[in-house]
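Here is a short report on helix packing and backbone geometry. Please read it with the model open.

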Amino acid sequence: MAMRHCMITVATMAAIALPTPIAAQQNAAAKTVLVDLANPLMGTDSSYTMSYGNTYPAVAVPWGMNFWTPVTGKMGSGWGYTYDAEKINGIKQTHQPSPWMNDYAAFALFAETGALKVGEEERASWYSHKAEEARPYRYKVYLADYDVTAEVVPTTRAAQFRFTFPKNDDAHIILDGYAGGSMVSIDAKRRRITGYVRNNHGGVPGNFRNWFVAEFDHDFAVTRTWDDNGTLAATPSREGDHVGAAVSFRTQAGEQVGVRVASSFVSAEQAQRNLDSEIGRDSFSATEAKAKAAWEKEFARIEVVDPNEDNRRTFYSALYRMLLFPRQFHEIDAAGRQVHYSPFDGKVHPGPLYTDNGFWDTWRAVFPFFVLMYSERDAEIMQGLANTVKEGGWLPEWMSPGYRNVMIGANSANIIADAWTNGVRGYDVKTLYAAAKKAATTSEGRPLDKKGKPIAAVGREGVEYYNRLGYVPYDVGINENAARTLEYATADFALSRLASALGKTDDARLFAARAQNYRKLFDGESGWMRGRSQDGSWATPYNPLKWGDAFTEGNALHYSWSVMQDVRGLAELMGGDARFVERLDSIFTTPPRFDDSYYGETIHEIREMQVVDMGQYAHGNQPIQHMIYLYDWAGAPWKAQFHARDVMRRLYAATPDGYPGDEDNGQTSAWYVFSALGFYPVTPATGQYAIGSPLFCEVRLTMPGGNRLVIEAANNSAENVYIQSVTLNGRDWTKPYLPRQELQAGGTLRFIMGPTPNREWGVAIKDRPFSMSDAR
């Protein structure tokens, strides 16, 4: 197969007028609807044992409160939709951020003909991907057993369904309230079904409800409801653990029945308000057009010009996934003000709230991308985070929708500090700083779970040990202690930067000192990070290939690079630049052996590392995703260029098996989006992006405020992955990183690419990215 080079060459960039080939590419790109390049099915060919994304096709608008997705799995399963399934049993409103977190506030609609069947397995229809269309703004599927076509298009808090029926005297639409507490009520005169659902997997107070209203455009011929046992009756209302409603019609061939649906966490009245304000009298097509335009508005801010359509599809599929979470949890009241039901105290409050996010994942690249490209949205998310503190007393680290006891670290500090130090304004930073400092000071008073125990994932588990010893000990009953220590040290660095920006000099000095605590876990004998006991002795026995134990979903070879704040300091511990580069290289050359005894089974993250033939490099999970870029700190940026392009080429595609592991709220997508642009955020709260290898011929970015940045890569191709030189607005650029201010100011960033490394570009010590050790 012939190489596909970029049409942009060195001579082209020097010319005043663009020649015909690149002009043709640009004209073609202008005609392309970018959102239609995104494939919501990317990552759906997953299972408990092997994740290629663990995603579902979310029909939504960016950051929407409600998503909609087809259901092929069992009620209550986190794997609601899997690509290899043969039958579909509903299209549900979903708020699921991950199969491991599971869903909440879900209910489903479905259509049938013939004898009414309400049981999930009983009603399921055969379907084919050949008769399925998944777009971010529309889902359409043919239900073969019933000769019915089902479609749904979204708004932020509502949706329109359209069911196309055959000629049939027994056509039905059912609404399944799912188990976990539900109520349905049919009002035949007004052609409505109303009610609520309460299903959840934690993170909600006792009065939690999702109120819904579904309005039909046809009169009902027959109405029925069913109870917990699936028993049908003409009773117009039902309430129980699992109830549902069915309305029936007599239809002509091709007759379409429309349903307008909205919901609210505030009240039944607010659900109706959401329906009236977001859909009103709009047709199905009008709602679809608005949803499509909402996506295109965001996508148009990043225009990719490149002859490789597969790469463009992967890029926009990843961008779509990035812009789903965190979801809006606030609604608009009768006076036009933002209000939200708080999953932290069960009350309704003014102001914004966003939820369904795990900062352990998303602090790394998702939130830095928001800072760079969507700063106004990031400000609103930060204000919502301040509201969680006011209502719950603590910063969340994983919320779905409220506090969840999942993962480790205090990574909320990273996203707060990164936003403020990079110029994002318009939120209550004082409340956020006080809460982050509180989490770094005490573990007392944390919220309690249903058993009355403190939620370990809120605040810092083991913080008193950490502040006294400089690490969380291995032998005090706190799991994943080495990983916690390393993550706390990075968060302390972010806090020191935020404290300095807020004029809190003493705090800045204290947290900067604690940011060096990573040194206390470096074992010079093995050359890796290692758990340490209270008395200072190393944890034994020690196997750096053991997953879990002292680390989180990884081993010592993965977590030893989690010193984003002081890469140069880490390099010194490892023996200097040459030895550091050897250590980095060894990750790719060490066979993918592992010890899974901590888990008692081979967890999917291990298997995903094992099968891709990249040694110990486990890109399918977050702790090591930044590692490739650390070559920039050690005088070998060409190795970052090679590996970044290699990972993009081998591990990502806009296909159902297109991710290398869990997608995780946009983080694994954000790695690709940043890397395809040619740079990646490693160190929080510095505004620096380490340079890798740009994937595309040209990308045009519209920055906050309207400035335009054009990224060009002359001679780029699958073979020409190495940077020969860089200019920024005509100036030679020799640093292997880019500052945020320069990018947001706009202009032209030009890379010259080639097939062999330029071992002199980006290697000068004075040009290397920020490290605490260099700054002291």
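## Basis of the report

Axes here are lines fitted to C-alpha atoms, for helices over the stretch in contact, and angles run from 0 to 180 degrees between N-to-C directions. Helices (H or I, at least four residues) and strands (E, at least two) are DSSP runs, numbered from the N terminus.

This is a predicted model, in which local features need pLDDT of at least 70 and side-chain atom pairs count only at pLDDT 80 or more, while totals for chains, interfaces and linings use all residues. Residues are numbered from 1 along each chain as its sequence is written, and side-chain values use heavy atoms, with hydrogens and water left out.

## Helix α11 against α13

The axes of α11 and α13 come within 11 Å and cross at roughly 140°. That angle makes α11 oblique to α13. Angles under 35 degrees count as roughly parallel, over 145 as roughly antiparallel, 65 to 115 as roughly perpendicular and the rest as oblique. The crossing of α11 and α13 is left-handed: the near helix is turned anticlockwise from the far one by less than a right angle.

Which residues make the contact? Val429, Tyr433 and Ala436 come from α11, and Leu495, Leu498 and Ala499 from α13. Contact means heavy atoms within 4.5 Å. Ala, Val, Leu, Ile, Met, Phe, Trp, Tyr, Cys and Pro count as nonpolar, Asp, Glu, Lys and Arg as charged, and the others, Gly among them, as polar.

## Helix α9 against α11

Helix α9 (residues 375-392) also packs with helix α11 (residues 429-439). Their angle is about 55°, and their axes are 9 Å apart. α9 and α11 are therefore oblique to each other. Their crossing is left-handed.

On the α9 side, the contact uses Met382, Leu385, Ala386, Val389 and Lys390. Thr431, Leu432 and Ala435 contribute from α11. The contact of α9 with α11 has six nonpolar, one polar and one charged residues.

## Helix α13 and its ends

Helix α13 covers residues 481-501. At 1.5 Å a residue, its 21 residues should span 30 Å, and its end C-alpha atoms are 30 Å apart, which agrees. The expected span is 1.5 Å times one less than the number of residues. In α13, 18 of the 21 residues are buried. Buried means under 20% relative accessible area, exposed over 50%, and partly exposed in between (1.4 Å probe, protein chains only).

Glu480 lies in the loop between α12 (463-469) and α13. Its phi is near 55°, a positive value in a residue other than glycine. Glu480 counts as buried at 14% relative accessibility. Just after α13, Gly503 has a positive phi of about 80°.

## Loop geometry

Asp356 sits in the loop between β24 (354-355) and β25 (357-358). Its phi is positive, about 65°, although it is not a glycine. At 0% relative accessibility, Asp356 counts as buried.

Two cis peptide bonds deserve a check. One joins Phe325 and Pro326, with omega about 0°. The other runs from Thr540 to Pro541, with omega near -10°.

## Asn207

Asn207 is in the loop between β12 (192-197) and β13 (210-216). Its relative accessibility is 39%, so Asn207 counts as partly exposed. Leaving aside neighbours within four places in sequence, Asn207 is in contact with Arg198, Tyr341 and Gly346. Asn207 and Pro343 are 136 residues apart in sequence, and 9.3 Å apart in space, C-alpha to C-alpha.
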